[in-house]
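This report covers helix packing and a chain contact. Please keep the sequence and the structure in view while reading.

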Amino acid sequence: MKRIGFIIMLTGISLLAGCSQITVLDPKSDTGKDQAYLIWLSLAIMFLVLIVVFILFTWFVIKYRYTEKRKYEIPVDVIGDKRLEFTYTIIPIILLIILAIPTARITFEQSPGTEAFQDAEGVEVNVTGKQFQWDFEYENGEEDTNKLVLPEGEPAIFHLKSEDVVHSFWIPELAGKVDLYPHETLTYRIENPEKGEYEGKCAEFCGAQHANMTFDVEVVSEDEYEDYLDDL
Amino acid sequence: MEMFENLADAPSDVIAAWIFTAIAGILVIIWVLKKRKLPVIWEYMRTTNHRKIGTMYILFGFIFFLRAGIDSLFIRMQLISPNNDFWVFQADKYNEVFTTHGTMMIFFAAMPMLLGLMNVAMPLQIGARDLAFPYLNAVGFWLFLSGAIVFNIAFFLNSAPAIGWTGYAPLSNSLFTPDANTDFYVFGVQISGLGTIFTALNLMVTVIRHRAPGMSFMRMPLFSWATLVTSFMILLAFTVLAIGLYLLMFDRLFDTKFFQGPDGDPVFWQHLFWIFGHPEVYILAIPAFGIFSDVISTFASKRIFGYASMVISIILIAFLSFTVWAHHMLVVGLGPMLNTFFAFTTMTIAVPTGIKIFNWLFTLRGGLIRFTTPMLFALGFIPSFVMGGVTGVMLSVSAADFQFHDSHFLVAHFHYVILASTILGIFSAIYYYYPKITGLKLNETLGKWHFWLFLIGFHVTFFPMHITGLNGMPRRTFTYDAGEGFTTTNFISTIGAFLMGISILFMFWNLVKTHWENKKVGPDPWDGRTLEWTVDSPSPENTFEPMPVVDDLNPLAKAKNENRKMETTNEHRSSPIARDSIIPFLISMTLGVFGICMTYEWYIAAFVVGAVVFAFFILRALTDEKNDYYGKDEGGAS
């Protein structure tokens with residue numbers, strides 16, 4: 001038991017100490033921040049459950065263990081306890097409802113799809129994935145490969161399509177991912193990206209060089225963005 | 001011949017495997033001949049007895065578990081440091097290894113070991129003398145082995161599939177993976193899946209038809225309940241998988257366009273795969289829940305707390321598991337409505353699972369807890385599985401899943417749930433039922449070493465993986481850069497994996513030592529509470545003679561507490577008829593050969609071999625062992 005406690009303590013400490021540096025929990029866009037909020041909320045609620053289980057577990061295992069003194073005891077025959085069972089049915093349901101409401105709200109705001117974000121304003125980028133590279137086509141029709149530049153503060157709207165197999169477009173520091181399919185175009189939005197340099201990657205296994213299907217992301221000021229587009 | 005073409009430029013790991021297998025094979029043959037074990041092997045090849053078939057399921061499942069485990073060590077070695085080049089495991093070699101690891105662990109390790117345990121223990125728990133259809137049981141087992149052999153041959157021919165165990169189209173279509181590799185996946189899984197469906201039918205009928213007098217459904221041990229519920233799930237889920245693989249086979253061999261081209265849709269494959277795949281997770285977990293329920297009840301010396309709600313919750317979990325598949329597809333662009341719907345259905349599964357966890361905890365309360373090896377595995381399961389459960393709820397939060405999806409966070413999650421439930425459950429059950437399988441009890445001290453090393457290694461491997469994932473490492477990538485923040489956590493994970501590897505060595509040592517000492521134990525080495533502990537160890541071919549009468553959920557414990565023997569009767573349903581036959585073995589292996597012919601598109605050979613399989617069907621249809629036993633007129637009366 002001591003060993004389990006020690007491991008939990010150690011990992012708990014390292015988790016808390018490391019959280020401020022964990023990429024996904026410290027995102028650089030409003031979309032990513034909403035996702036991080038959900039992660040924190042669910043983690044907090046689940047931590048509650050975890051603590052209750054761990055305490056009951058440790059308590060029961062230590063208190064009711066076999067000892068020489070209890071050698072001849074025959075435990076009382078308990079069938080169950082309706083009230084207790086009802087309690088641990090209802091409380092999880094309440095916890096899940098608390099979690100479900102913001103989940104629905106943010107999912108409705110953010111979900112990618114073929115008809116998503118049709119009336120949304122923002123910088124439009126056509127993303128094409130193929131084994132094993134990324135092509136980005138900007139509003140002025142110019143293209144760049146494995147490099148995505150976005151202006152800060154403006155919503156970025158991506159129209160994503162694959163030329164071959166399924167890929168997945170992911171910039172962990174900015175926001176969550178969306179798949180690319182050969183048969184339809186999906187639209188996804190990242191709101192209010194902050195200035196900085198990030199790493200984008202393919203998150204759906206797509207073949208031999210899946211691991212190296214990465215791209216550079218730069219979020220720059222409006223002026224720098226215009227300059228970049230002109231230079232293409 | 002095209003079959004051996006890839007061998008010309010085989011990498012050193014394939015050559016090493018050939019050499020290792022040749023040496024090991026020769027040693028095994030020498031041992032078999034020296035110890036005169038050939039008759040035993042011949043007996044097992046023809047047997048239809050549930051314990052013997054169960055033993056073979058567990059044995060071969062364990063061998064494949066070792067192979068898939070070694071694959072995982074290769075994966076961890078490649079990921080130990082940034083920009084690493086370990087042996088040959090980069091790019092497609094790495095992709096082959098994780099594909100093999102996943103496919104083998106699910107289909108050829110976890111499934112057969114669970115089916116084996118059901119085969120061994122369930123009939124003993126409910127007072128059945130054998131499975132309802134002993135012949136079909138043998139067919140089911142040999143089909144599993146045949147499929148597993150087909151899948152394993154791929155690696156030896158340097159043609160292992162590299163599409164992930166999920167086999168997503170269109171990567172799995174002939175346009176992108178035209179070689180035989182992917183066909184080995186299709187046929188290997190298809191053939192063994194067929195065997196799994198047969199066994200599920202068999203188990204289901206056995207539970208419904210062959211319970212001892214007095215054993216109502218609400219007096220049935222929870223492992224038998226789990227077997228019944230799991231069988232229904234297998235029947236539904238594996239059928240969907242079979243259809244998916246069937247369509248994929250047509251896409252690959254005959255250029256149909258189900259999952260590719262302008263009229264096909266790769267998302268169809270994902271729907272089919274996950275309508276199978278999500279229930280599959282619970283097909284793996286529910287039997288383990290059953291094992292833990294019985295083990296915890298035995299070693300807390302108490303009946304299970306809230307038995308009725310335990311039964312209701314496994315049925316609920318089974319039902320709900322068919323309503324959540326698209327939570328694997330939240331980034332596919334199904335739209336906000338479906339994303340939210342599947343988030344909610346997924347969350348609901350937490351409720352019955354939570355009920356089970358608390359029922360186990362309250363079973364412990366007031367008990368007399370003995371820390372035997374099976375009990376340690378069961379106790380290790382509770383906190384570990386809850387950790388996997390809570391990340392499961394986190395993953396169900398659909399917008400947050402946009403971040404989690406296909407990252408190492410997900411890898412951590414599913415290893416937490418599957419290892420904590422299925423693998424700890426299998427280990428627990430192997431220690432628990434070893435006396436029923438062999439008549440020997442495994443060494444407790446070595447068992448505890450095995451447990452602690454495995455549990456610590458498991459947490460050391462997979463806990464840091466959550467952080468690796470949250471730092472942005474996608475799954476199925478063979479390399480990463482030093483600056484990405486994955487270095488430390490990956491290094492720790494690799495250490496943990498080797499701890500788990502070492503723990504398996506302790507298990508080995510334990511097996512060798514136990515058989516070396518060869519100390520037989522009686523029918524009831526654990527102070528058991530249910531019917532299986534009234535039967536001799538190992539369980540004989542003719543069990544329950546005379547048939548016990550069941551008057552309680554824990555009939556043996558009740559009889560012991562009242563200081564009496566269990567009542568018996570001669571009035572009971574007639575038993576299944578065993579009849580040794582080599583046909584199940586032949587039929588299955590021929591079907592395996594058929595699979596290989598199809599893989600290499602040798603259609604004429606496939607036609608001939610297929611005709612032989614069909615001839616075996618006819619041969620079987622014309623024989624009925626019941627006729628000999630009951631006389632012609634009453635044939636089929638059992």
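The bend at a residue is the angle between two fitted axes, one for the seven residues ending there and one for the seven starting there. This is a predicted model, in which local features need pLDDT of at least 70 and side-chain atom pairs count only at pLDDT 80 or more, while totals for chains, interfaces and linings use all residues. Residues are numbered from 1 along each chain as its sequence is written, and chains are lettered from A and ligands numbered from 1 in the order in which they are written.

**A kinked helix.** In chain B, helix α13 (residues 408–438) has a kink of about 50° at B:Tyr432, shortly before the proline B:Pro435. Helices here are DSSP runs of H or I with at least four residues, and strands are runs of E with at least two, numbered from the N terminus. Of the 31 residues of α13(B), 28 are buried (20 or more other C-beta atoms within 10 Å of the residue's own, with C-beta atoms placed from the backbone).

Axes are lines fitted to C-alpha atoms over the stretch in contact, and angles run from 0 to 180 degrees between N-to-C directions.

| Helix pair | Axis angle | Axis separation |
|---|---|---|
| α3(B) (residues 50–78) and α15(B) (residues 487–517) | roughly 155° | within 9 Å |
| α11(B) (residues 373–396) and α14(B) (residues 444–470) | about 10° | 9 Å |
| α8(B) (residues 266–299) and α11(B) | about 120° | 9 Å |

Angles under 35 degrees count as roughly parallel, over 145 as roughly antiparallel, 65 to 115 as roughly perpendicular and the rest as oblique. With axes crossing at roughly 155°, α3(B) is therefore roughly antiparallel to α15(B). The contact (C-beta atoms, placed from the backbone, within 7 Å) includes B:Gly69 and B:Arg76 of α3(B) and B:Ser493 and B:Phe498 of α15(B).

The angle of about 10° makes α11(B) and α14(B) roughly parallel to each other. Among the residues that meet are B:Thr373 and B:Phe377 in α11(B) and B:Glu444 and B:Lys448 in α14(B).

At about 120°, α8(B) is oblique to α11(B). Here B:Phe292, B:Val295, B:Ile296 and B:Phe299 of α8(B) meet B:Pro374, B:Met375, B:Ala378 and B:Phe381 of α11(B). These residues divide into eight nonpolar, no polar and no charged; Ala, Val, Leu, Ile, Met, Phe, Trp, Tyr, Cys and Pro count as nonpolar, Asp, Glu, Lys and Arg as charged, and the others, Gly among them, as polar.

**Between the chains.** The contact takes 79 residues from chain A and 73 residues from chain B. On the chain A side, the residues divide into 48 nonpolar, 19 polar and twelve charged.

Terms used
A residue is buried if 20 or more other C-beta atoms lie within 10 Å of its own, exposed if 12 or fewer, and partly exposed in between; C-beta atoms are placed from the backbone. Two residues are in contact if their C-beta atoms, placed from the backbone, lie within 7 Å.
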